[in-house]
Amino acid sequence: MEYYAALENEDKELKAVGLELMFLTPEKCTSEHGITAVELSKKTNIPLETVKKKLNILKDKKIAIVKGINPKYWTFDQYNFQRLPDDDDIFLLLCSFDDVDFDKFFTY
């Protein structure tokens, strides 16, 4: 697919959206169903249209679940993520933690 070529140079926006979803806790959501693309766009400082494209990439991989129609609520599917092959581009991207600041995901 077209996004695999972009992953060779590490898609930082896809990684930001994926990690934000991965570390999303119910306390951080305004709804019990998940987070909207608008909220995700604000959290990551990525334009809304770009966030929507990245969410669809994650949905195609079956690691992002969408609920509802208007608004759509997004959650991360940990089970399907763990079932991805170890050499999958998205799996490798989201498991590359070298440049990740975990302080923005957790409060100590």
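Buried means under 20% relative accessible area, exposed means over 50%, and partly exposed lies in between, with a 1.4 Å probe and protein chains only. The structure is a predicted model, in which local features need pLDDT of at least 70 and side-chain atom pairs count only at pLDDT 80 or more, while totals for chains, interfaces and linings use all residues. Residues are numbered from 1 along each chain as its sequence is written, and side-chain values use heavy atoms, with hydrogens and water left out.

**Overall make-up**

The protein chain holds six helices and two strands, where helices (H or I, at least four residues) and strands (E, at least two) are DSSP runs numbered from the N terminus. Their order along the sequence is α-α-α-α-β-β-α-α. Of the 108 residues in the protein chain, 43% are buried. A contact means heavy atoms within 4.5 Å. Among contacts in the protein chain between residues at least 6 apart in sequence, 60% join residues at least 24 apart. The accessible surface of the protein chain is about 6,900 Å², and 51% of this belongs to carbon and sulfur atoms; such areas come from the Shrake-Rupley method with a 1.4 Å probe.

Two packed helices are described by the angle between their axes and the distance between the axes. Axes are lines fitted to C-alpha atoms, for helices over the stretch in contact, and angles run from 0 to 180 degrees between N-to-C directions.

| Helix pair | Angle | Axis distance |
|---|---|---|
| α3 and α4 | about 110° | 9 Å |
| α2 and α4 | roughly 70° | within 9 Å |
| α2 and α3 | roughly 110° | within 10 Å |

Helix α3 covers residues 37–44 and helix α4 residues 48–60. Their angle makes α3 roughly perpendicular to α4, a term for angles of 65 to 115 degrees. The crossing of α3 and α4 is right-handed, meaning that the near helix is turned clockwise from the far one by less than a right angle. On the α3 side the contact includes Ala37, Val38 and Leu40, and on the α4 side it includes Leu48, Val51 and Leu55. By class, this contact has six nonpolar, two polar and one charged residues. Here Ala, Val, Leu, Ile, Met, Phe, Trp, Tyr, Cys and Pro count as nonpolar, Asp, Glu, Lys and Arg as charged, and the others, Gly among them, as polar.

The axes of α2 and α4 cross at roughly 70°, which makes α2 roughly perpendicular to α4. This crossing is right-handed. Among the residues in contact are Leu14, Val17 and Leu21 of α2 and Val51, Leu55 and Leu58 of α4. The contact of α2 with α4 divides into seven nonpolar, two polar and two charged residues.

Helices α2 and α3 are also roughly perpendicular to each other, and their crossing is right-handed. Ala16, Val17, Glu20 and Leu21 of α2 meet Leu40, Lys43 and Thr44 of α3.

**Loops**

Threonine 25 lies in the loop between α2 (12–22) and α3 and is partly exposed, with a relative accessible area of 28%. Asparagine 45, in the loop between α3 and α4, has a positive phi near 60° although it is not glycine. Asparagine 45 is exposed, at a relative accessible area of 71%. Lysine 62, in the loop between α4 and β1, likewise has a positive phi, of about 65°, and is exposed at 57%. The peptide bond from asparagine 70 to proline 71 is cis, with omega near 5°. Proline 71 sits in the loop between β1 (64–67) and β2 (73–76).

How values were computed. Angles under 35 degrees count as roughly parallel, over 145 as roughly antiparallel, 65 to 115 as roughly perpendicular and the rest as oblique.
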